[in-house]
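Please look over the sequence and the 3D structure shown here. The briefing below goes with them.

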Amino acid sequence: MTALLELTNISRSFGAIKALKSVDFEINSGEVMGLVGENGAGKSSLVKIISGFDDGYTGSLRLNGVVQRFSSPLKAERSGIAIAQQELSLIPAMTVAENVFISGEKAPIFATKSSLARKAAPFLSEVGLEDVDPFLPVERLSIGEQQLVEVARLLAQEPQVLILDEPTAALGESDSIRILGMVRRLAERGKSIIYVSHRMDEIFKICNRITVLRDGQSQEAKDAKRLDVSSLVELMLGRELAHMFPAHPKIPRGEALLEVHNVWPDGTLEPFNFSVFAGEILGLAGQLGSGSGDILAAIAGAKRSREGRIKYKGESFLPKSPKHAISRGIAYCSDDRKLDGLFLGRPIVENLSAPALSAISKRGLIKHDKERSLALSNASKFTIDTSRLDNEAGVLSGGNQQKVALGKWLAIEPNVILVNEPTRGVDVGARAEIYGKLRELANEGAAVIFASTDIQEITGLADRVISFYRGMQVGELQLTEINPASVLEQITHPFGVDDKQPEPHH
Amino acid sequence: MDKIKNWIVKKPDLSFAILLAICVYSYFAFTNDFFATQRTGYAIMERFAVLGLVGLALTLCIIAGEIDLSIGSNAALAAVIVVRFTDSLGAVTALLLAISVSTLIGAIQGYFIAYLRVRAIVLTVGTLMLLRGVALFAAEEKTVMLTDFRVPDFISMKVLTFFSPASLLVIAMFIVVGLFMSFTRYGREIYAIGGARKEATAAGIDIKRPMIIVFAISGLCAGLGGCIIGLRSGTAQALGLQYLLLAGTVAAFIGGVSILGGKGGVFGAAIGTLTVNFLNTGLVFNVTPAFMIQLYLGILLMIVIMFQTGSRLFEDSQRRRQLLSDVDLRRLDLLIRKQKYQKPP
Amino acid sequence: MSNISSYFSSKIDSLADNYSALVLGLVVLFFAVFIFGMVTAPNFLTYFNLKTIVRDAALVGIMAIGLTFVTLSGNFFLLSLKETAALAIIAFATSMSAGYGFEISFLFTIVIAMLTGSAQGVLIGLGGNPIVVTLGAAGLLYGLGAYWSDNLVVSFRRPHGAEWLGTGSFLGLPNITIAFILIAIAAELTLRFTNFGRQVYLIGANRAAGRATGHENFGMAIKTCTIASVCAAFVAIAFSAQVSSAQVNYFSSEFGSSGDMTIMVIATVMVGGNSIMGGYGSTIRSSLGAVFISSVDNMMVLHGFNSGPRVLAVGLMIVFSIMVFALVRRGSRSQE
């Protein structure tokens, strides 16, 4: 039978970067298709094309046998393809029912809260929310329930194909089970679901087939029953990129530079405890929502914690603000450089000196020559092009922006460097440079702690790994124990995968 | 009794607004013999006719996350048009002309704000000036006057003791707009783009439509208000009516609208306007000079803001508590699983 | 994964880009007309007239310079500058008429402005919305000023200690003009060469990144609000010196050729090309904006236009400059 949705020979390039190379993808009606792959493998590009957010591709997309090209997400939705994004699109102050019908063609023009509640009821029960009061403002629901309302909103437009992008990323156990149950029910009713996820246990529980993307290329979809975790991992990770990572040091490590005692960041499930040593690069491995990034922010004073202390330089405290942490020589770079890592509209020079204004000024006056020499030296240390330091930071490429976001911290001569996703959105060449620089900083006596969802990065860069899962600290791996499989296991199914086979579908 | 308590908790800002209104009214009613009379009631409603419209318009704009600084100029332009053309076209036609112009101006502003993605506060600073210039042109730089002052008297006829055609029309507008905001999809869109614009665009709402609607209504209200003033007094000045912006904004905030957008309602706008009217009228009765009235208004605004800030802080702490308890629930699930896994086989 | 909102905005961007050529064309035409008008106006390019232009721009200009600090740091606008000036003028005149002399009266007034400015800054720094806070403050300040003076005129006899500021001149330039120029220079130097100035730009460009690098908005809000209030007070003092009196409503309604001082000051900051979101612009721009608006108005007066077309022209200028700067800034934003 012909597939419901069929993509053939899809290629997409952004300038010099080839995001997708001749990718084939298909899904039948009533099927749950898992879409897996490493970060940067092309999942997001493919999904954008299917859902109408991107029409700059070559190749063909066939829906029900008819060639289509969606010039906007609205058009895709009208044709019956809907996507539930990671970023929530619910209006917090409005009720559940109002949110279900806030947009889309099938939303009624005249409606009371009660009539909306009635109309929304079937869709809410389809996602398993029949017991939720449809008159509650969605902000009162748990994150899991909000996720389900989001899907209900999409279902109200009666799509044929539903794309779920990391739907359980921020969810707990029971909420994830609800999502899986919903997916199963929808498939039974004939809907097609593209399930994009890193969670191995879930993939095997509900997917009929699995498509693996690797380096922008696709492979033929595999039957989920015929795969197991290790073979899937092998397909995902492929060959190692040689020489991207600097060598691990053979010298014995120094004393503990920073000790984390019972620090419990808001939103995580338990307090965290670990230490980091001078000269060490410690990797915090974990998927989205695991807490690996939260603990970094908490140590840096950028996120609130319920309790806990860090022992650092003889002091025992918890930084109350980034200013506080910076004054102690703790540098923190978040995972979103556009949000708070860069001053995009300001010149690169100013970006590089921002954390250490007092170092380049005397009695309140900025010494521009000092600033420039500091900028030049830090820029060259991070291999940033020094000829155009007066340009706005916004004109730089992703890799160079990340180098500026990281490099500016050299100005405070930090002892502890905390980085969340050190190479997000960075090309291969710049990645190697960043890794090299981090290694250098560690070798000079600093302690580097980085959090990453990229397994290659974790295995290549870290001297030691601490793993996180759904807001809990679940394991530690010493240098000899670190390999892609062991890391993946700890961050996706530390408590084992259920032996139960996935339920059979058509 | 419980129902009332629940309602108060659900809508603290509105409840506070009603409380304020009652307090202000009672204060003046008890301290001044002339206050709680029929004539005063009529005077208050007449004031309400104009200020209510402006308060309604600004409430809608603030709910949508924007503001219309040009509302005073738009109203003045409408006043000039209606007074100028009543002699030649008759009051009703002149009224319709003025209102069409003001509504169109509003709609165009809404269009540009959405299309160019410019913040309303920025654009309306310019249009405030621009419309003043247009009004000056239309009035040919002088104060326009009617030749026959009795022509528009009908709009101030006393109806049902307290009301007049003008105030009844405004009350009808309140009802229509209120129904629109609460019971139609377009009204909900306006709330959505105000309180959660990023999420609203992510959900697929195109901000053009709600923005044009909001500013068209604002233009309509400005125009109608300007016409009422113009017809009532029989004169119009191109540079007048600038006080409407401040008075309307204060009325909107007192009525419980939130500067963050997405919260508030038409009923609140009415209450806020009434409160401001009570205060105004009461103070005038007590022979308070105009600047003191402004001072009291400022104080009233401060009180409302402090209350709103307080309730927002309270909500934030509630939300944090919710987040933490949510975490605790998930914790239980997973810790059980962790323990099961680590149990010796 | 994909960012839906950035998708929509990129679609609108491309639409706006199609308009931008049109708008830019209109604007060029508009300014060409103005330049033509300026060149053909009788006596426009005389030294005396140019001096008049700058002098007329001085008072609004100084206030705009103060407000620019607030805008650049990302704290939007203060709607209370007119009322700060109203309170300040009463304070100054009351002190002068009580015989305290210029120096003491000056200090007294400035201190009052610093207090009211920092109070507003604290509220804004704690997270209060600048529009709402200053709206309320405006009412309070005006009321205070009116209450203090019983809403009457306060005058002090000539000659008085402030003559030099109000009506004096130096080397052929009115002292108020010199003050404008000096303040403009001092403000620009502060922004470019001091730590504080740099922080203004950083916090304005990205408040979150500012916080992440150790620069909090709380202190900044207080400082910038204080600066703006002090500038307003200075303007009040200068004006009072000119007319040797004060009344709380001197700055209301019909001050200046185009009315409402609050709006004119905000418009000046915008016409100069400062980004309302902060992080981009300068006080020189605001000064030039003031001079430009003043020269357009002056040119029209020389041509014999009434207030109608003049106000219209100022309005058009504001609207156009808003559109132009918004489009230009959007066009130069990086692609990622």
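Predicted model: local features only at pLDDT ≥ 70, side-chain atom pairs only at ≥ 80, totals over all residues.

Residues are numbered from 1 along each chain as its sequence is written, while chains are lettered from A and ligands numbered from 1 in the order in which they are written. Chain B holds 13 helices and two strands. Helices (H or I, at least four residues) and strands (E, at least two) are DSSP runs, numbered from the N terminus.

**Chain B**

- The C-alpha trace of chain B spans about 100 × 50 × 35 Å along its principal axes.
- Chain B has 345 residues, and 55% of them are buried.
- Buried means that 20 or more other C-beta atoms lie within 10 Å of the residue's own; exposed means 12 or fewer, and partly exposed is in between, with C-beta atoms placed from the backbone.
- Take the contacts in chain B between residues at least 6 apart in sequence: 78% of them join residues at least 24 apart.
- Two residues are in contact if their C-beta atoms, placed from the backbone, lie within 7 Å.

**A helix pair in chain B**

- Two packed helices are described by the angle between their axes and the distance between the axes.
- Helix α7 (residues 165-183) and helix α12 (residues 266-285) of chain B pack at about 145°, and their axes are 9 Å apart.
- Axes here are lines fitted to C-alpha atoms, for helices over the stretch in contact, and angles run from 0 to 180 degrees between N-to-C directions.
- From α7(B), the contact uses F174(B), V177(B), G178(B) and M181(B); from α12(B), it uses V266(B), F267(B) and A270(B).
- Six residues of this contact between α7(B) and α12(B) are nonpolar, one is polar and none is charged.
- Ala, Val, Leu, Ile, Met, Phe, Trp, Tyr, Cys and Pro count as nonpolar, Asp, Glu, Lys and Arg as charged, and the others, Gly among them, as polar.

**The largest nonpolar core**

- The largest nonpolar core has 396 residues, and A152(A), L418(A), V80(B) and A88(C) touch the most other members.
- Such a core is a set of buried Ala, Val, Leu, Ile, Met, Phe, Trp, Tyr and Cys residues joined through C-beta atoms within 7 Å.
- Helix α10 (residues 217-243) of chain C gives the largest share of this core, 16 residues.
- Domain 1 (5-237) and domain 2 (256-492) of chain A each give this core at least three residues.
- Leaving out residues up to four places away in sequence, A88(C) touches T109(C), I112(C), A113(C), A232(C), A233(C), A236(C) and I237(C).

**Helix α2 of chain C**

- Helix α2 (residues 47-72) of chain C bends by about 50° at A58(C).
- The bend at a residue is the angle between axes fitted to the seven residues ending there and the seven starting there.
- Of the 26 residues of α2(C), 19 are buried, so the helix is mostly covered.

**Two domains in chain A**

- Chain A is assigned domain 1 (5-237) and domain 2 (256-492), with bounds that come from an automatic or database domain assignment.
- The C-alpha centres of the two domains lie 33 Å apart.
- Their contact takes 14 residues from domain 1 and 13 residues from domain 2.
- On the domain 1 side, α7 (200-206) and α8 (229-237) of chain A each supply at least two residues.
- α8(A) gives the most to that side, with three residues.
- The domain 1 side divides into six nonpolar, four polar and four charged residues.

- R363(A) is not a glycine, yet has a positive phi of about 55°.
- R363(A) sits in the loop between β18 (361-362) and β19 (365-366) of chain A.
- R363(A) counts as exposed because it has 6 C-beta neighbours inside 10 Å.
- N151(C) is not a glycine either, and has a positive phi of about 60°.
- N151(C) lies in the loop between α5 (130-149) and β1 (154-155) of chain C.
- With 16 other C-beta atoms within 10 Å, N151(C) is partly exposed.
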